[in-house]
Amino acid sequence: MTLTELTFAMFWLVVIVFGSVFFAEWAEKHTQSYAMELFAHFGMPALLWCGMLILYATLQQKGLLR
């Protein structure tokens, strides 16, 4: 694993954790919906993870990551 890949992974780890937490707080405050809270805790991390995998594959194809 190169330093670039490690940086990419650590950045996305922070984005997934904090993005999900902030979305969960927003959903709790603004929607009062249990379904949105469940999505914030389970669906949002899954969507961010899929986005990260797509971005990683794209960057690998362009030669920016190994």
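1. **Ground rules.** The model is predicted, so local features need pLDDT of at least 70 and side-chain atom pairs count only at pLDDT 80 or more, while totals for chains, interfaces and linings use all residues. Residues are numbered from 1 along each chain as its sequence is written, and side-chain values use heavy atoms, with hydrogens and water left out.

2. **Helix α1.** Helices here are DSSP runs (H or I, at least four residues; strands would be E, at least two), numbered from the N terminus. The expected span is 1.5 Å times one less than the number of residues. Buried residues in α1 are Glu 5, Phe 8, Trp 12, Ile 16, Ser 20, Phe 23, Ala 24 and Ala 27. For the record, buried means under 20% relative accessible area, exposed over 50%, and partly exposed in between (1.4 Å probe, protein chains only). What covers these α1 residues includes α2.

3. **Helix α2.** This one runs over residues 34-62, 29 residues in total, and reaches 41 Å from its first C-alpha to its last, close to the expected 42 Å. There is a bend of about 45° at Ala 40, the bend being the angle between axes fitted to the seven residues ending there and the seven starting there. Ala 40 is itself buried, as are Gly 43, Met 44, Leu 48, Met 52 and Leu 59. Those buried α2 residues pack against α1 (3-30).

4. **The ends of α2.** At the start, a side-chain oxygen of Ser 33 comes to within 3.4 Å of the backbone nitrogen of Ala 35. That is a polar contact: a pair of N or O atoms within 3.5 Å, where within protein one must be able to donate a hydrogen and the other to accept it, and residues adjacent in sequence count only if both atoms are side-chain atoms. After the helix comes Gly 63, with a positive phi near 90°.

5. **Gln 32.** This residue sits in the loop between α1 and α2. With a relative accessible area of 64%, Gln 32 is exposed.

6. **The core.** The largest nonpolar core has eleven residues: Phe 8, Trp 12, Ile 16, Phe 23, Ala 24, Ala 40, Met 44, Leu 48, Met 52, Leu 59 and Leu 65. Both α1 and α2 supply at least two residues of this core. A nonpolar core, to be clear, is a set of buried Ala, Val, Leu, Ile, Met, Phe, Trp, Tyr and Cys residues joined through side-chain atoms within 4.5 Å. Met 44 touches Ser 20, Phe 23 and Phe 39, leaving aside neighbours within four places in sequence; contact means heavy atoms within 4.5 Å.

7. Glu 5 is buried, at 11% relative accessible area. Beyond its neighbours within four places in sequence, Glu 5 contacts Tyr 56, Leu 65 and Arg 66. Ser 20 is also buried, at 8%. A polar atom of the Ser 20 side chain lies 2.7 Å from the backbone oxygen of Ile 16. With neighbours within four places in sequence set aside, Ser 20 is in contact with Val 15, Ala 40, Met 44, Pro 45 and Leu 48.

8. **Aromatics.** Rings of Phe, Tyr and Trp (its six-membered ring) pair if their centres lie within 6.5 Å, with planes under 30 degrees apart counted as stacked, over 60 as edge-to-face and the rest as tilted. The count comes to six aromatic pairs. One of them, Phe 8 with Trp 12, is tilted, at 6.5 Å centre to centre and 50° between the planes. Phe 8 and Trp 12 are four residues apart in helix α1, so about one helical turn separates them. Ring pairs link Phe 8, Phe 11, Trp 12 and Tyr 56 into a cluster.

9. **An exposed leucine.** Leu 47 lies in α2 and counts as exposed, at 52% relative accessibility. From Leu 47 to Thr 58, eleven residues along the chain, the C-alpha separation is 17 Å.

10. Thr 2 lies before α1 and is partly exposed, at 22% relative accessible area. Thr 2 and Leu 59 are 57 residues apart in sequence, with their C-alpha atoms 14 Å apart in space.
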